[in-house]
Amino acid sequence: MGHQNTLCIGLDCGSSFCKGALGLNGEIVGLASRPTGWDVAGSAALVKAELLKGYDPKESLVRVVATGYGRELIKADKIVTEITCHAKGAELLAPQTRLVLDIGGQDYKAIATLNGQVISFQMNDKCAAGSGRFLEVILKRLEVDLSQLDEFLAAGQAITLNSACVVFAETEIIGLLASGVSRADILGGVVASLAQKIASQAARLDPTGPAALTGGLAQNLGVAKALGQALGLTVRPLLKGPYAGALGAALIALDID
Amino acid sequence: MPKVEFKLPETFESFGEARKSGFLKMKALKEKGAGVVGVFCVYTPLEVFLAAGLVPVSLCSTSDETIPEAEKTLPRNLCPLIKASYGFAVADKCPYMYFSDLVVGETTCDGKKKMYELLGQIKDVHVLNLPQTQSGQRSLPFLISELKALKDKVETAFGVTIAEADLTRAIKEKNAEKRLIKEFYELSQMDPPPMTGLQQLQVLFGSQFKFDLPEKLADLRQTIDDLKEARAKGERPVAKGAKRLVMTGCPTGGATEKVIKAIEESGAVIVAYENCTGARQYDREVREDGDPWEALAEYYLGVGCSVMTPNPNRLELLGRLCREFKADGVVEMVLQACHTYAIETQTIRSFLSDKGLPFLTLETDYSAGDVGQLKTRAAAFIETLG
């Protein structure tokens, strides 16, 4: 990867997590992440320090590319939007991807790509429906940890949720719980509603498959399955999908002279 | 001329300096005996007022300042331009609205149409009815009759007579202004352009608030000369290689400058505006021969606004601007809840896709809440341009 001994760092600070990827001599040699919190620049610096643990930055060239909503606050050689970075990162993780679905903490993006290049994209407006935050609020209300989500989804049927708004959905769910609907069925409905919202956005891109899932829910089989059903495409969950933006940024750092 | 007491609004002292000076300027004009007509839209035939010796002025509609005031009456999920227009009127915060003897609205969209009914309770409002289509034989005679109804209204309201010769003179004056403004914005055909898109917009927008025609023409000429001179001296306010974008869509200016800033801060430059504030208004001239009423109607019927169905003139102008300004892409701004533009987006998308021109559409309102998102969208789009 790039010049000999160039440490290529991608930092992707989103609304929930700050993710980092380190590339050296053609290999991704490190990943790190921590909650973004209130201090984007501070969190980014800590992630960078963690990536560089065991390396001597004085002996190498260090190139940093920042992305994510906090990108302008991060000390970097270059700033690139997360849309471009996710496209590149997804191509690295799942070659020949044609549609990247990035579910972030505060927004979601559907990105049509070819060979890791953005062709066109759609992004949600100010509303949180369909974002990671939507699911986060509901999981908290149901006292279910994200790591248990797949288990619940496998066990339940998707009920129809009428509210896409996170505030109203929470109210609706309180009513469903009161009438004895199981958490598994409710979560099935919540994930189906999230998938529907994202799919209707992605449909504007006239997408072809295969699709890949990136962002905080990228490892979640149930979310990928629901998106696949809503889109009529195969959606690949990605183990390293949460790092797609950081990986893409690290790849861009390679090309800096 | 109706008797008017030239008082300032009760809240005057609480206004900022710029606002105060707007009020004082209008008050001075009125004290010199000027009749003032407030207008909203490119469809309003300013020539009619100029022929009558009146002062037409664009009413405030581009800031979110008075939207809370408007939302006491109007629905929240309505176009911000309509809410702002109404809000400024009820809050007495727009010097032009405050001192307007007559307000002329036109039946462009449903939201405006119904808002005028409410505005009519506080101001003298005349509504100019527009046909819904430019095609067929019936629209032109209809618009001519509507222009003549406007003439009657103006003559009654201000106690004046508008002779055909006056109208022809006004058409010629307005054409001279259009020509000069076009000469100004066409400077951005240069590579790189001699001004940023924000600078261009500020001149286009600001020229609506200069009321002395010879002074306005002289200012524009000066601006053109200054830009050429700066260019000759080697000044380059826009970096060579900056991606050249044409703006289209809803009216720009005021609060929506945030969209232009998001684009230009990401390294691209707006070279031309197809919007109302730009070429849609200044690209064509009114025919100077024949019956002036018919000439006016022909011109205004030709405005390429999405309220017309179909709307081929917008495509023609947009396509031509892209060619003449060597555009690398097109960005559309659609105001929240503007149905006609939001739906026409699809037509624009396929029109540009056939030409191989990248296209981004941004929906926004007058709040600052989406500045971060706008920036991400604009920057990502510009990154795809290479």
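**Interfaces between chains and domains in a predicted model**

Across the interface of chain B and chain A, six residue pairs are in polar contact, both residues of each pair being at pLDDT 80 or more; a polar contact is a pair of N or O atoms within 3.5 Å, where within protein one atom must be able to donate a hydrogen and the other to accept it, and residues adjacent in sequence count only if both atoms are side-chain atoms. Helix α16 (residues 371-384) of chain B gives the most to the side of chain B that touches chain A, with nine residues. Helices (H or I, at least four residues) and strands (E, at least two) are DSSP runs, numbered from the N terminus. By class, this side of chain B has four nonpolar, five polar and six charged residues, where Ala, Val, Leu, Ile, Met, Phe, Trp, Tyr, Cys and Pro count as nonpolar, Asp, Glu, Lys and Arg as charged, and the others, Gly among them, as polar.

The model is predicted, so that local features need pLDDT of at least 70 and side-chain atom pairs count only at pLDDT 80 or more, whereas totals for chains, interfaces and linings use all residues. Residues are numbered from 1 along each chain as its sequence is written, chains are lettered from A and ligands numbered from 1 in the order in which they are written, and side-chain values use heavy atoms, with hydrogens and water left out.

The contact between the two chains (heavy atoms within 4.5 Å) involves 15 residues of chain B and 16 residues of chain A. About 1200 Å² is buried between chain B and chain A, of which carbon and sulfur atoms give 51%; buried area is the accessible area (1.4 Å probe) that two parts lose on being put together, summed over both. One salt bridge is counted between chain B and chain A, a salt bridge being a side-chain nitrogen of Lys or Arg within 4 Å of a carboxyl oxygen of Asp or Glu. Lys375(B) and Glu72(A) form a salt bridge in which the closest N and O atoms are 2.8 Å apart. Side chains of opposite charge can pair when their charged atoms come close.

Chain A is assigned domain 1 (6-87 + 244-254) and domain 2 (97-237); such domain bounds come from an automatic or database domain assignment. Nine residues from domain 1 of chain A and 15 residues from domain 2 of chain A take part in the contact. The C-alpha centres of these two domains of chain A lie 26 Å apart. Between them, an area of about 890 Å² is buried, with carbon and sulfur atoms giving 65%. On the side of domain 1 of chain A, the residues that lose the most area to domain 2 of chain A are Ile83(A), His86(A) and Ala87(A), together 59% of what that side buries.

Polar interactions also link the two domains of chain A. The count between domain 1 and domain 2 of chain A is one salt bridge, and the side chains of Lys109(A) and Glu82(A) meet in a salt bridge at 3.4 Å, N to O. Three residue pairs are in polar contact between these domains of chain A, with both residues at pLDDT 80 or more. Helix α2 (residues 82-93) of chain A, with five residues, gives the most to the side of domain 1 that touches domain 2. That side of domain 1 of chain A has four nonpolar, four polar and one charged residues.

Chain B has 16 helices and eight strands, and its C-alpha trace spans about 60 × 50 × 45 Å along its principal axes. The radius of gyration of chain B is 20 Å, which agrees with the value near 21 Å that a compact globule of 386 residues would have; this radius is taken over C-alpha atoms, and the globule rule is 2.2 Å times the number of residues to the power 0.38. Over all chains, a search of the whole structure finds 41 salt bridges. Glu31(B) and Lys27(B) form a salt bridge, their closest N and O atoms being 3.2 Å apart. Both residues lie in helix α1 (residues 17-31) of chain B, four residues apart, about one turn of the helix.

Chain B is divided into domain 1 (15-162) and domain 2 (166-384), and the contact takes 44 residues from domain 1 of chain B and 42 residues from domain 2 of chain B. The area buried between these domains of chain B is about 3700 Å², of which carbon and sulfur atoms give 70%. Zero salt bridges are found across this interface of chain B, whereas 10 residue pairs are in polar contact, both at pLDDT 80 or more.
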